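Dear colleague,

Please find below the structure that I am handing over to you. My notes on what was found follow it.

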Amino acid sequence: MPRPAAREACFYTVTFVRNLAPVELLTRMGVDPETLALRDVTDLSDDLGEDLFDDEEPVVISGIDGSWTWAWEQGGVHGLDERIVSRVSAGTEAVVLHHNEKPMHWFTYAVDGEVIVDFHTLQAIEPTGQDPAGLAGAMRPLGLVPGQVAPLHSVLALVENAFGIRLRPPGDADDERWSGRLLPLPPPPPLPDTP
């Protein structure tokens, strides 16, 4: 997975999906098809450099690590949007990891379009989702206990320990990876009128 540039070192969103091709993952995330291409680091900078950190239309880079395909958002949070999580996990499973400078981690685990476990570390964690305790066996030894503040790096350890996802820097800078610019997220649907 790509190493973050200086500006984004404190702000990133990575979406991991099991057994899905990079182009399919980026398509499900809403990449602009006109920007989708195989690029090395130089091409990425030349083609999309001005937009690398755009939060509305972030640049996303994808690759494969074992059975997981990852999509690294340079400056956005599309991967946290429930509609995106539902699409990318349809027929498979997805893990989304977000980090920002507050500091905070946000973790989402989804299977076949449904969020199973979701929590953030801005305050004492309170998992939500279809089965909030579904990962308790993997979370508890790391200090990720409901009602308690998460220990530093515990969410990263959860991603590695529970799913076998390796969080590591990429290979050679000349490696080509699928990349593109994500289209802006549509506004959320309106809330139903109440009588």
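Of the contacts in the protein chain with a separation of 6 or more, what percentage is accounted for by residues 24 or more positions apart? The share is 60%, where a contact means heavy atoms within 4.5 Å.

Before the details, two remarks on method are needed. This is a predicted model, in which local features need pLDDT of at least 70 and side-chain atom pairs count only at pLDDT 80 or more, while totals for chains, interfaces and linings use all residues. Residues are numbered from 1 along each chain as its sequence is written, and side-chain values use heavy atoms, with hydrogens and water left out.

**Confidence and overall layout**

The mean pLDDT of the protein chain (the predictor's confidence in each residue, from 0 to 100) is 88, and 89% of the residues reach 70 or more. Over residues 1-8, however, the pLDDT is below 50, and this stretch has 23 contacts in the model beyond near neighbours in sequence.

The protein chain has five helices and eight strands; these are DSSP runs numbered from the N terminus, helices being H or I with at least four residues and strands being E with at least two. Along the sequence they follow the pattern β-α-β-α-β-β-α-β-β-β-α-α-β. Of the 195 residues in the protein chain, 45% are buried. Here buried means under 20% relative accessible area, exposed means over 50%, and partly exposed lies in between (1.4 Å probe, protein chains only).

**Helix H1**

The buried residues of H1 are Pro22, Leu25, Leu26, Arg28 and Met29. Seen down the helix axis, they fall within an arc of 160°, so they line one face of H1; the arc is that of the directions from the helix axis to the C-beta atoms. These residues pack against strand S1 (12-18), S3, strand S4 (68-73), helix H3 (82-89) and S8. Just after H1, Gly30 takes a positive phi of about 100°.

**Salt bridges**

A search of the whole structure finds six salt bridges, each being a side-chain nitrogen of Lys or Arg within 4 Å of a carboxyl oxygen of Asp or Glu. Three of them are described here.

- Arg28 and Glu24 are joined at 2.8 Å, N to O. Both lie in helix H1 (residues 22-29), four residues apart, about one turn of the helix. An α-helix has 3.6 residues a turn, so residues three or four places apart point the same way. Arg28 is buried at 19% relative accessibility, whereas Glu24 is partly exposed at 33%.
- Arg166 and Asp65 are joined at 2.0 Å, N to O. Arg166 lies in the loop between helix H5 (154-163) and strand S8 (177-181) and Asp65 in strand S3 (residues 59-65), so the pair ties together parts that are 101 residues apart in sequence. Arg166 is partly exposed, with a relative accessible area of 45%, while Asp65 is buried, with 12%.
- Arg177 and Asp175 are joined at 3.9 Å, N to O. Asp175 is partly exposed, at 33% relative accessibility.

**A histidine in a loop**

Not counting residues up to four places away in sequence, His78 touches several residues, including Asp55, Glu73, Ile84 and Leu182.

Yours sincerely
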